[in-house]
Amino acid sequence: MSLVDELKSAVTPRAALLVVGVFALQLLFITSYVGALHNPKPTDVPFGVVAPQQVSATLVDRLEKLPGDPLDPRTVADADEARDKIMNREIDGALIVNPATRTDTLLVASGGGTVLSSSLEKIFTQVEEAQRRELRTVDVAPASPQDFDGLSAFYLVVGWCVGGYICAAILAISAGSRPANRDRAVIRLGVLALYSVLGGLGGAVIVGPILGALPGSVAALWGLGTLVVFAVGAATLALQSVFGIVGIGLAILLVVVLGNPSAGGAFPAPMLPPFWKAIGPALPPGAGTWAARSIAYFKGNDMTASMLVLSAWAVVGTVVTLVLSSLKRKPESEPIAAEVGEPPLDEAFLRLTDRTEVAA
């Protein structure tokens, strides 16, 4: 065979397209991670101001005009309300002005991201120095000493997401990316559900009792982990049902390339560029990270939106998988499990015998 013939035989058009797809995925990975994380800075951080009526409006106006628009300030009635709003995740910090002294109090919540709380402290140290006042910082939801930079919740969710799409990918690789019928689709979803329960429990136990990285309810983290794993796995199964083996790449695009850098892990959402800040809450890594931190540090507050997002991924993925598995296939469709496996032993023996006779 000529070199061209060998090349055509070794690299089929389908393989060439897949390689091009992987190349594009590689470039998107670099673009997404570097684009999201190369220049973090706080922008429009929800922030409360507690001050006497005669100075609150002026202070809010001054904070709104800070260079780079780092804050989105609003007036809060008193210190107790400011603490409640932080614990309910309505604001990320608050400044309590005490006109009777020269010291003001900054409330932060490092459990929501230590980088953000440190940034707020830096901003208000400069603001107070300009007014010749002193600053005292109080952390109302401190991150665990074993949770460096508040990253444990993010890494926990990343692990759950990886387990979800790898489990779905293995089911596709071993038995055909498109289920042959509804019964097989139900079996795959059942296997995924069992895997999700075990994966959710394993992650919750590791970060809680074993490593002590995250406080909060182990049972709540277990439930969250089960939903995260199943949501990602079901979405991957659905993408495989629609696009075949290419669906695995699309799942990686959504979860890894777009989802991880926008999840608010290394840098909370107020420190991300607009695009990643906008998409993060709608993707499983972002929704899962927010919910995990709420369980660990904020008494489970403000989880409804995140749980609805994860539930939507799980439900839509399940429905698409079941519906497409019920459709009648064309003969030229992708081979099902029995067709992609090894041939029966007697058939393989006959083929080998025929080849031996021809060679002789």
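A charge is taken to sit over a ring if NZ of Lys or CZ of Arg is within 6 Å of the ring centre and within 35 degrees of the ring normal. In the predicted model described here, local features need pLDDT of at least 70 and side-chain atom pairs count only at pLDDT 80 or more, whereas totals for chains, interfaces and linings use all residues. Residues are numbered from 1 along each chain as its sequence is written, and side-chain values use heavy atoms, with hydrogens and water left out.

R89 lies over the face of W290, at 3.6 Å from the ring centre. R89 and W290 are also among the residues nearest the centre of the largest pocket, together with A269, P270 and P281. A pocket is an open set of points on a 1 Å grid over the protein atoms alone, where a 1.4 Å probe fits, with protein on both sides within 12 Å along at least five of seven lines; lining residues have an atom within 4 Å of a point. The lining comprises 31 residues.

Four aromatic pairs are found in the whole structure (Phe, Tyr or Trp rings, the six-membered one for Trp, with centres within 6.5 Å; stacked under 30 degrees between planes, edge-to-face over 60, tilted for the rest). The rings of F47 and F124 are stacked, because their centres are 4.6 Å apart and their planes lie at 15°. F275 and W276 form an edge-to-face pair, with centres 5.2 Å apart and planes at 90°. F275 is partly exposed at 46% relative accessible area, whereas W276 is buried at 14%.

Key: Buried means under 20% relative accessible area, exposed over 50%, partly exposed in between (1.4 Å probe, protein chains only).
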